[in-house]
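Trainee: Please take me through one part of this model at close range. Then set that part against the rest of the chain.

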Amino acid sequence: MITSLTLLKKKGEYEPLLHTVRKFAALYTDEAWSYPFFQSISEMEHFLDTEPVVDLINWDVTIEGALTLLEKMRSQYQKAYLMIIADMSISPMQYLKPGISPGALLLKPVNSADMEKVVRDLFEVFIKRMDGDQTDAFLVETREGKQYIPMEQIDYFEAKEKKVFVRVKSCEYGFYDTLDTLEKQLPSWFIRCHRSYIANMKRAGGMTLADNTIRMIDGTQVPFSRSYKNVLKEYFKNV
């Protein structure tokens with residue numbers, strides 16, 4: 001599943017953009033796509049609180065507060081491909097800077113020829129990135145196709161029901177593998193803490209010895225077994 005997230009002031013502006021993105025999504029990929037769309041900052045903030053996996057971002061900086069939220073969210077979604085939607089009322093100095101790092105720019109008012117060219121160019125770069133080395137993302141093969149999950153968004157891996165599930169705040173994805181295999185492949189900050197769990201320690205806030213759990217920064221609790229207690233205590237002592 002590939003997610004194209006859009007913040008745009010007017011629904012009438014979104015419909016031709018959605019049509020064009022869908023056209024090139026079908027042309028360049030075999031994956032299933034989702035297209036969440038929001039017109040207000042408050043709705044977008046509520047959606048982002050679920051920490052969704054996002055691949056493409058289309059962001060209208062002419063909405064009041066949009067630039068502030070964009071700078072905030074880019075720290076979490078550094079690898080998502082960003083298309084800025086702007087007009088001449090906004091100085092390019094406000095969005096063409098390292099903290100935002102857009103990959104494409106669409107200027108309003110937009111005609112169909114300009115939109116076609118910008119979105120085509122966007123997809124050519126985006127697909128090359130998706131097909132390249134994704135060492136900073138975890139790949140899950142689903143019925144809908146490939147799902148790339150940024151490593152920093154993963155809370156934990158859990159073995160259950162003869163599968164392994166990778167958990168992010170908003171959802172989980174199941175696939176066939178073993179934790180023993182994953183333990184050898186994952187970065188060092190993923191630590192085996194239980195027969196059925198591997199936790200992302202970069203998202204861990206501490207451990208509770210009374211009930212043998214790791215407290216994740218979003219409030220989730222991941223169990224650990226006694227055999228892994230010393231490893232975890234050593235980790236927290238050194239961070």
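Mentor: Start with Ser4. Leaving aside neighbours within four places in sequence, Ser4 is in contact with Val21, Trp33, Ser34, Tyr35, Pro36, Leu56 and Asn58. Ser4 sits in strand E1, residues 2-7. Is Ser4 buried or exposed? Ser4 is buried, at 1% relative accessibility. The cut-off for buried is under 20% relative accessible area, so a value of 1% qualifies. One of the contacts of Ser4 is also polar: the side chains of Ser4 and Asn58 are joined at 3.1 Å.

A word on confidence before going on. This is a predicted model. The mean pLDDT of the protein is 90, and 97% of the residues reach 70 or more. Confidence is highest in strand E3, residues 37-38, at 97. Confidence is lowest in strand E8, residues 145-150, where the mean is 81.

Now the setting. The protein has six helices and 16 strands. Its C-alpha trace spans about 65 × 35 × 25 Å along the principal axes. Of the 239 residues, 47% count as buried. Take the contacts between residues at least 6 apart in sequence: 54% of them join residues at least 24 apart.

Next, Phe24. This residue belongs to helix H1, residues 11-28. Phe24 is buried, with a relative accessible area of 0%. Which residues does Phe24 touch, not counting those up to four places away in sequence? They are Thr29, Glu116, Val119, Arg120 and Phe123. Phe24 and Glu124 are 100 residues apart along the chain, yet their C-alpha atoms are separated by 9.4 Å.

Met216 gives another buried site. Met216 lies in strand E15, residues 213-216. Its relative accessible area is 4%, and that makes Met216 buried. Beyond residues up to four places away in sequence, Met216 touches Asp155, Asn200, Arg203, Ala204, Gly205 and Val222.

Turn to charge. The structure holds twelve salt bridges. One of them joins Glu71 and Lys97, with the closest N and O atoms 3.4 Å apart. Glu71 lies in helix H3, residues 66-74, and Lys97 in the loop between strand E5 (81-86) and E6, so this pair ties together parts that are 26 residues apart in sequence. Glu71 is partly exposed, at 38% relative accessible area. Lys97 is partly exposed too, at 29%.

A salt bridge also joins the side chains of Glu172 and Lys160, at 3.4 Å, N to O. Glu172 is in strand E11 (residues 172-175) and Lys160 is in strand E9 (residues 156-160), so the pair links distant parts of the chain, twelve residues apart. Glu172 is partly exposed, with 31% relative accessibility. Lys160 is partly exposed, with a relative accessible area of 26%. Both residues belong to a network of salt bridges that links Glu158, Lys160, Arg167 and Glu172.

Then there is Arg192 with Asp180. Their salt bridge brings the closest N and O atoms to 3.1 Å. Arg192 is in strand E12, residues 190-194, and Asp180 is in helix H5, residues 179-185, so the bridge ties together parts that are twelve residues apart in sequence. Why does Arg192 count as buried? Because its relative accessibility is 9%, and buried means under 20%. Asp180 is partly exposed, at 48% relative accessibility.

Met88, Leu105 and Leu107 make a nonpolar patch of about 310 Å². Leu105 is found in strand E6, residues 104-107. Leu105 is partly exposed, with a relative accessible area of 32%. A patch residue needs over 30% relative accessible area, so Leu105 passes that cut-off at 32%.

Come back to Ser4 with that in view. Ser4 is buried, whereas Leu105 is partly exposed. Keep the side-chain link from Ser4 to Asn58 in mind as you inspect strand E1.

Conventions
Residues are numbered from 1 along each chain as its sequence is written. This is a predicted model: local features need pLDDT of at least 70, side-chain atom pairs count only at pLDDT 80 or more; totals for chains, interfaces and linings use all residues. Side-chain values use heavy atoms; hydrogens and water are left out. Patches are made of residues with over 30% relative accessible area and no salt bridge: like charges are joined within 9 Å, nonpolar side chains (Val, Leu, Ile, Met, Phe, Trp, Tyr) within 5 Å. Accessible areas come from the Shrake-Rupley method with a 1.4 Å probe; for residues, only the protein chains shown count as cover. A salt bridge is a side-chain nitrogen of Lys or Arg within 4 Å of a carboxyl oxygen of Asp or Glu. Helices (H or I, at least four residues) and strands (E, at least two) are DSSP runs, numbered from the N terminus. Buried means under 20% relative accessible area, exposed over 50%, partly exposed in between (1.4 Å probe, protein chains only). pLDDT is the predictor's confidence in each residue, from 0 to 100. Contact means heavy atoms within 4.5 Å. A polar contact is a pair of N or O atoms within 3.5 Å; within protein, one must be able to donate a hydrogen and the other to accept it, and residues adjacent in sequence count only if both atoms are side-chain atoms.
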